[in-house]
Structures are given as structure tokens and as C-alpha cells.
Amino acid sequence: MKEFLEVLKSCGYDAYFVKDKASALSLAKTYIKSDMSVGLGGSESVKEIGLLDYLLNNKEITLYNQYEAGISMEENIKRRRQGLVSDIFVSSTNAITKDGKLVNADGSGNRVAALCYGPTNVLLIVGINKIVDTLENGFKRVMEVAAVKNINRINNKAIEMGKEPKYNLENIANKFSWVKGDDIKGRIIIILVDEELGY
């Protein structure tokens, strides 16, 4: 893992390896400062380590939470856009290759956009299950693991709410990106966790 961290740092990322969710949350909190604006990309990993709850309950930050219940679609879109110019954007990655490429797919595109440009910093919470050998394996993981699990999650939620499930492999992932590095050193912060997290 030490060699992998060095690879990630050579790509311009700040990279850390922690043993568990609690350690990941503790480290992640150090990047969330008072008076910061914080954007969100959909992430089960962020939720699983307790970081989402921490952000939702932190009264000292401005959180652009597009997932807040009851907001209009207009407000949802506004918050996604605000997240793209936030001080820090919090999310995960669908896959990370052993040579440091971040591989992702999105429906709306705010997460893949934030990884490429916009927020001052991007904080990624990444479980060891997201590590793959090659770029090809990364895109394979996106479609065969992450997309499938997200389809089930979103469609089941729709059914619970009495709505028609509408997602499938043809429409869940409209926008793709792979990032092989960042020219702004330390802009992207990666916290690797020695546990399986998210999709």
C-alpha cells in the first residue's frame, strides 16, 4: 500500500491510507473548516463512514445538499451547480487504478465535472474494493458493479415512494470521466480505507 500511495502522490493527489471507517471520518473532518462551502457527489462511501451525517449536522459550514427532502428540481439543480464552485466537494470514485487513474460515471455529471475542474478541493473516500488493475478494469467495474448496484438502489427507492422505476444500464451512466492526475498538487485528496465501502 505504501507504493500505491506514492503512485497517487506522483499523480498530484494528497493520499492517505487508514485502517477503518472511524479513522477515515476523523481524518476527513480535518479538511472541513468553519465557514467553508461544501458540495456533494452521490456517495454511499461518504455515508458509510459517517461523514454525510457530520456534514448535515455541521452548522458552521454551508452545505449544498441537493438530496434534501422536499426541495424542488430547480433547487436541486441550483445546489448541484453551487457545489461545482464550492471550497470542497465530498464524494468517492467508482474505481481507482493501480497507476492512479480515477474512473467514474454519472447521470447528471456534477461529480465527474467536479473531479475535473471547479471546486477548490475534492475529498474522496475510497474503500479498497474500488482498486483495480487497469483503466479497462475500471470501466468494467463502473458498469458491472457500481451501475448495477445503483440501479437497484434508486429503483427500489422509487418503488418505496410509489413511483415507476426508470433506471437501467442504458440510462444510469450518461457521462464518463477518467482522471490520470491533477496539475494543482493536492487539490484532490484521497482517503483510502482498508475496508470495503460503497459501490
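**Exercise 1: Salt bridges**

Lysine 98 and aspartate 133 form a salt bridge, and their closest N and O atoms are 2.9 Å apart. The model is a predicted one, in which local features need pLDDT of at least 70, side-chain atom pairs count only at pLDDT 80 or more, and totals for chains, interfaces and linings use all residues. Residues are numbered from 1 along each chain as its sequence is written, and side-chain values use heavy atoms, with hydrogens and water left out.

Task: State where lysine 98 and aspartate 133 lie in the chain, and classify the burial of aspartate 106 and arginine 111.

Solution. 

Step 1. Recall the criterion: a salt bridge is a side-chain nitrogen of Lys or Arg within 4 Å of a carboxyl oxygen of Asp or Glu. Side chains of opposite charge can pair when their charged atoms come close.

Step 2. Locate the partners. Lysine 98 is in the loop between β5 and β6 (102-106), while aspartate 133 is in the loop between β8 and α7 (135-160). The pair is 35 residues apart and links distant parts of the chain. Helices (H or I, at least four residues) and strands (E, at least two) are DSSP runs, numbered from the N terminus.

Step 3. Apply the burial classes: buried means under 20% relative accessible area, exposed over 50%, and partly exposed in between (1.4 Å probe, protein chains only). Lysine 98 has 48% and is therefore partly exposed; aspartate 133, at 46%, is also partly exposed.

Step 4. Examine the second pair. Aspartate 106 forms a salt bridge with arginine 111, with the closest N and O atoms 3.4 Å apart. Aspartate 106 has a relative accessible area of 9%, so it is buried. Arginine 111 is buried as well, at 6%.

Step 5. The structure holds 9 salt bridges. Another joins arginine 187 to aspartate 182 at 3.1 Å between the closest N and O atoms, and both of these residues are buried.

**Exercise 2: The two sides of a helix**

Task: Which residues of helix α1 are buried, and why do they line one face of the helix?

Solution. 

Step 1. List the buried residues of α1 (residues 2-10): Phe4, Leu5 and Leu8.

Step 2. Look down the axis. The buried residues fall within an arc of 100 degrees, so they line one face of α1; the arc is that of the directions from the helix axis to the C-beta atoms. An α-helix has 3.6 residues a turn, so residues three or four places apart point the same way.

Step 3. Inspect the other side, where Lys2, Glu3 and Ser10 are exposed.

Step 4. Identify the neighbours. The buried residues of α1 pack against β1 (14-18), β5 (95-97), β8 and β10 (188-193), where contact means heavy atoms within 4.5 Å.

Step 5. Follow the chain onward: just after α1, glycine 12 takes a positive phi of about 100 degrees.

**Exercise 3: Cysteines**

Task: How many disulfides does the structure hold?

Solution. 

Step 1. Apply the criterion: a disulfide is a pair of cysteine sulfur atoms within 2.5 Å. The structure holds 0 disulfides.

Step 2. Classify each residue. Cysteine 11 is buried at 13% relative accessible area, whereas cysteine 116 is partly exposed at 47%.
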